[in-house]
Amino acid sequence: MARRRISAADGRAALSAAAAAASGTDRTTTATAVRFALEELAERVPGNSVEVRVPPFGVTQCIPGPRHTRGTPPNVVETDAATWLALVTGSLSWTGAVAAGKVSASGLRADLSECLPLFPELGTGVGQ
């Protein structure tokens, strides 16, 4: 189980602020929202076979399977903060993000479509 660093109240407040802001939020709010969502992903889908990176804010491992310990992981998902927040709130679909080149996903297990969105109540529900 992942160790929480951000309280649920602080994380949800940052996610709500980020979801409500049409032109983005300040860096601290964005960082808190991204890190909280990464913690939530690791909590809901524990494992070590996929590494999810949202530079420069955070990284986590998730999805059950073979543990990776050295070098570049075989299953990596990487995206920017705005795309990650859109994915976790459901305002952008996994398929849409990958097709638009907003997500880099490499490896057989690097498909998060079954795990996302984490917080659909905060998104538009439209998905792209």
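Trainee: Why is Thr60 called buried?

Mentor: Thr60 has a relative accessible area of 14%. Buried means under 20% relative accessible area, exposed over 50%, and partly exposed in between (1.4 Å probe, protein chains only). The 14% of Thr60 is under the limit, so Thr60 counts as buried.

Trainee: What are these values taken from?

Mentor: This is a predicted model, in which local features need pLDDT of at least 70 and side-chain atom pairs count only at pLDDT 80 or more, while totals for chains, interfaces and linings use all residues. Residues are numbered from 1 along each chain as its sequence is written, and side-chain values use heavy atoms, with hydrogens and water left out.

Trainee: Which residues does Thr60 touch, apart from those up to four places away in sequence?

Mentor: Thr60 touches Leu38, Leu41, Ala42, Val50, Glu51 and Val52. Contact means heavy atoms within 4.5 Å. Thr60 itself lies in strand S2; strands (E, at least two residues) and helices (H or I, at least four) are DSSP runs, numbered from the N terminus.

Trainee: What makes Pro55 partly exposed?

Mentor: The relative accessible area of Pro55 is 43%. Pro55 lies in the loop between strand S1 (50–54) and strand S2 (58–62). Leaving aside neighbours within four places in sequence, Pro55 is in contact with Glu78 and Thr79.

Trainee: What kind of peptide bond runs from Pro55 to Pro56?

Mentor: The bond is cis, with omega near 0 degrees. Pro56 is also in the loop between S1 and S2. Another cis peptide bond joins Leu116 and Pro117, where omega is about 0 degrees. Most peptide bonds are trans.

Trainee: What is the phi of Ile63?

Mentor: Ile63 has a positive phi of about 70 degrees, although it is not a glycine. Ile63 is in the loop between S2 and S3, and its 12% relative accessibility counts as buried.

Trainee: How many of the chain's residues, as a percentage, reach a pLDDT of 70 or more?

Mentor: The figure is 91%, and the mean pLDDT of the chain is 89. pLDDT is the predictor's confidence in each residue, from 0 to 100.
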